[in-house]
Amino acid sequence: MFRGLCDYLVIASVIVLALGTPARAQDTPPERRDTPAQGAAPAPVATPAPAQGAAPAPVATPAPAQGAAPAPVATPAPAQETAPAPVATPAPAPDAAPAPDAAPAAKSRQPIGGAPRARAQKEPDHIRGLITRVESSAIVVQVAEGKTVRLGLSDGLTIFSLTKASYAEVDFGTYVGAVSEKLGDDIYSPIVRDSLSWLHKGFELRIIDEQLRGIAVGHTKWDLTRNSVMTHGWVDDQEGRVISIKYGPTEEEETDVEVRRDSPVHKMSLGDKSLLKPGARVFAGAQKGPDGNYAAVFIFVGKDGMVPSM
């Protein structure tokens with residue numbers, strides 16, 4: 001019986017071995033199939049990977065593009081480095097700025113207030129005289145040497161009245177007009193400022209009504225004497241009987257006029273045609289037409305026998 005049992009065990013072992021071997025064979029192949037399959041699967045995955053790697057290649061191309069983009073950024077950096085150069089250029093400019101300091105010396109050599117401005121339009125002819133006749137649309141004025149001139153009265157005519165005034169009425173900011181003449185190249189104003197100013201002798205002074213402030217502002221040549229000038233502006237400074245008539249924002253745009261005690265001082269206001277009477281003294285500006293006849297543009301009329309001194 002023991003022997004039979006041994007035989008049974010041997011047979012069972014053989015059967016187990018026989019059955020176990022195929023089982024391993026079956027287990028092994030699946031592993032090999034899976035392994036290569038998985039290995040092959042990675043291979044396809046690896047294949048796409050290069051494809052994707054090729055796709056990144058374009059991405060890599062943008063990367064250099066982005067790398068190039070920094071290059072422009074690097075370019076601005078040098079630009080900024082060069083930018084200081086302009087800053088360095090202004091730096092010398094301030095060094096050159098002292099030049100204006102030399103300007104005062106130049107101004108001292110060339111005093112202000114002597115060069116009249118040129119008028120943009122032709123100045124009307126000036127007519128001074130006595131009204132001898134008044135018509136509905138014209139006046140007749142007797143001028144020098146007994147000659148007479150007929151002046152048409154246009155609708156655009158402006159009439160001013162002149163009345164007696166006093167130099168004591170002049171104050172800082174007063175709007176005035178004056179005809180004057182430079183006394184000489186070596187006679188300077190007593191008014192102290194950064195630059196010298198020539199002194200002018202005043203032939204007349206008009207204190208202008210506030211209603212007319214700003215009228216004819218400026219400095220221009222005049223025909224009362226050979227070298228006379230007409231100045232309209234506001235009183236910017238005063239020293240005794242010398243006033244500075246300023247007609248612009250710069251220091252050069254002012255004229256210093258001495259109003260002597262024998263210089264007439266008038267009050268200038270708006271008037272009307274009722275002032276045009278025979279015997280009245282006038283100063284008129286008139287334009288000559290193609291027909292040779294004059295049309296008055298403005299007329300200054302002296303009231304109470306006063307003679308316009310312009």
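**Rings, cores and a buried serine**

The charged end of Arg241 sits over the ring of Tyr167, 4.5 Å from the ring centre. Such a placement counts if NZ of Lys or CZ of Arg is within 6 Å of the ring centre and within 35 degrees of the ring normal. Lys182 also lies over a ring face, that of Trp198, at 4.0 Å from the centre.

This is a predicted model, so local features need pLDDT of at least 70 and side-chain atom pairs count only at pLDDT 80 or more, while totals for chains, interfaces and linings use all residues. Residues are numbered from 1 along each chain as its sequence is written, and side-chain values use heavy atoms, with hydrogens and water left out.

Confidence comes next. pLDDT is the predictor's confidence in each residue, from 0 to 100. The chain averages 75, and 61% of the residues score at least 70. Over residues 21–109 pLDDT stays under 50. For that stretch the model has 14 contacts (heavy atoms within 4.5 Å) beyond four places in sequence. Residues 14–19 also stay under 50, with one such contact.

The chain has 10 helices and 12 strands. These are DSSP runs, numbered from the N terminus: helices are H or I with at least four residues, strands E with at least two. Of the contacts with a separation of 6 or more, 67% are between residues 24 or more positions apart. Buried residues make up 31% of the 310 residues in the chain. Buried means under 20% relative accessible area, exposed over 50%, and partly exposed in between, with a 1.4 Å probe and protein chains only.

Now the interior. A nonpolar core is a set of buried Ala, Val, Leu, Ile, Met, Phe, Trp, Tyr and Cys residues joined through side-chain atoms within 4.5 Å. The largest has 19 residues; Ile127, Ile139, Leu151, Leu276, Ile299 and Val301 have the most contacts inside it. Strands β1 (125–134), β2 (138–142), β3 (148–164), β11 (281–288) and β12 (294–302) each supply at least two residues of this core. β3 gives the most, with five residues. Beyond four places in sequence, the residues that Leu151 touches include Ile127, Ile139, Val141, Ala284 and Ala296. Apart from this core lies another, of 14 residues, among them Tyr175, Phe203, Phe283 and Phe300.

The aromatic rings come next. Rings of Phe, Tyr and Trp (its six-membered ring) pair if their centres lie within 6.5 Å; planes under 30 degrees apart count as stacked, over 60 as edge-to-face and the rest as tilted. The count comes to five aromatic pairs. The centres of Trp222 and Phe283 are 6.0 Å apart and their planes at 50 degrees, so this pair is tilted. Trp222 lies in the loop between β6 (218–221) and β7 (228–239) and Phe283 in β11, so the pair ties together parts 61 residues apart in sequence. Trp222 is buried at 9% relative accessible area, and Phe283 is buried at 1%. Phe283 also forms a tilted pair with Phe300, 6.0 Å centre to centre with 45 degrees between the planes. That pair links strands β11 and β12 across 17 residues. Phe300 is buried at 6%. Ring pairs link Phe160, Trp222, Phe283, Phe298 and Phe300 into a cluster.

Ser180 is in strand β4 (residues 175–182). Ser180 counts as buried because its relative accessibility is 0%. Not counting residues up to four places away in sequence, the residues it touches include His200, Phe203, Asn227, Thr255 and Val257.
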